[in-house]
Amino acid sequence: MVVDLAALPGTRLPEGRFTITAEENARLVRALGGRGLSEGEAHPVWGYIATQRGIGIDVADLLALAAFDIADGPMLASCMLTFAIPLRVNREYRVEGEVVGVERKDGRRAGMFDLLTVEERLLEGERLAATVRNVFVLPRKERA
Amino acid sequence: MTLKPGAELGPRRIDPVDSEAMCTLAEILGDPNPIHLDAAAARAAGLGDRPVNQGPANFGYVLDMLRSSIPEGHVVELHVRLLGSVFAGDSVVAGGRIDSVDWVADAAHASCTVWLDVEDGQRALTGTAVLKVPQARATPTSPA
């Protein structure tokens, strides 16, 4: 399949919804080995997790938009989390997002790869709660 | 702690990175990639002989380090670059430093450099963070 990567930026992702349950929050805190949280507070790493799980497209299909097979080993290169308000458990968030950019690189050692930038947001009703901007490295096996 | 430029944050040590916790995180992250669960899968992918820790877990450790160092504040921004892998059984240390403190309305905003190092190994993650501390809870360096 031929995909016009230059046309991808601005592509809206299907919206979804996500609720951070108190039980999953407690399991997460234990797994990370961190200190407890105050009543009702969600661990801030949920800013990443809730957007990834809540957006209406799974990672494999998201990467397929860029004609990339998840089996070819994508890597998360960077993540920027911004919180307008602290996240809370047992509260339903609306999740929306879009492809922000695709940049082709040709590294001497790494070979050809694309940097896919995706922004997703958690909203309480119409109120922004958190924004996550992820950059994925998509190694290309063959030169374009 | 006193909010002042140059103040060290952490360290927070995770020793060892636990493979059972990685299984729990795989469920919570909704990430079935076997390289996080199975040494054979990591080996087959050319990533070494141990399961690879999830990237979001690595910045989760950094978020916990920030929460422990400045418990009266909350993270409003975290920007991380993932530089290398952390493996099951590794010992890692999350740390940071306050670079500047600015007052915005009634809160201190502490801008920090953060990192996660594998002990006796490479830096796995580097980045920046901003914590917001309400004036009533912030010690010293309050606005003149």
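**View 1. Strand 2 of chain A pairs with strand 5 of chain A**. Cys79(A) lies opposite Asn134(A), a residue of strand 5 of chain A. Strand 2 of chain A and strand 5 of chain A run antiparallel and are joined by eight bridges. Helices (H or I, at least four residues) and strands (E, at least two) are DSSP runs, numbered from the N terminus. Two strands are said to pair if DSSP finds at least two bridges between them. The model is predicted: local features need pLDDT of at least 70 and side-chain atom pairs count only at pLDDT 80 or more, while totals for chains, interfaces and linings use all residues. Residues are numbered from 1 along each chain as its sequence is written, and chains are lettered from A and ligands numbered from 1 in the order in which they are written.

**View 2. Strand 4 and strand 5 of chain A form a hairpin**. Two residues lie between the strands, and Gly125(A) in the turn has a positive phi of about 65°. The antiparallel pairing of strand 4 and strand 5 of chain A runs over 12 bridges. Within it, Glu119(A) has Arg133(A) of strand 5 as its bridge partner.

**View 3. Chain A as a whole has three helices and five strands**. Read from the N terminus, its elements follow the order β-α-α-α-β-β-β-β. The C-alpha trace of chain A spans about 50 × 35 × 20 Å along its principal axes. Of its 144 residues, 33% are buried; a residue is buried if 20 or more other C-beta atoms lie within 10 Å of its own, exposed if 12 or fewer, and partly exposed in between, with C-beta atoms placed from the backbone. Contacts are counted when the C-beta atoms of two residues, placed from the backbone, lie within 7 Å. Among contacts in chain A between residues at least 6 apart in sequence, 76% join residues at least 24 apart.

**View 4. Strand 2 of chain A meets strand 2 of chain B**. These two strands run antiparallel and are joined by five bridges. Leu81(A) stands opposite Leu78(B). Strand 2 of chain B also pairs with strand 5 (residues 123-134) of chain B, in the antiparallel sense, over eight bridges. There, Val80(B) has Gly127(B) as its bridge partner.

**View 5. The contact between the chains takes 27 residues from chain B and 24 residues from chain A**. Helix 3 of chain B gives the largest share of the chain B side, 10 residues. By class, that side has 16 nonpolar, seven polar and four charged residues. Here Ala, Val, Leu, Ile, Met, Phe, Trp, Tyr, Cys and Pro count as nonpolar, Asp, Glu, Lys and Arg as charged, and the others, Gly among them, as polar.

**View 6. Helix 3 of chain B and the largest nonpolar core**. A nonpolar core is a set of buried Ala, Val, Leu, Ile, Met, Phe, Trp, Tyr and Cys residues joined through C-beta atoms within 7 Å. The largest has 66 residues, and Tyr61(B) and Leu66(B) are among those with the most contacts inside it. Helix 3 (residues 55-69) of chain B gives the most to this core, with seven residues. Of the 15 residues of the helix, 14 are buried. Not counting residues up to four places away in sequence, Tyr61(B) touches Leu32(A) as well as Arg12(B), Ile14(B), Val92(B), Ala94(B) and Leu116(B).

**View 7. Asp38(B) lies in the loop between helix 1 and helix 2 (39-44) of chain B**. Asp38(B) is partly exposed because 14 other C-beta atoms lie within 10 Å.
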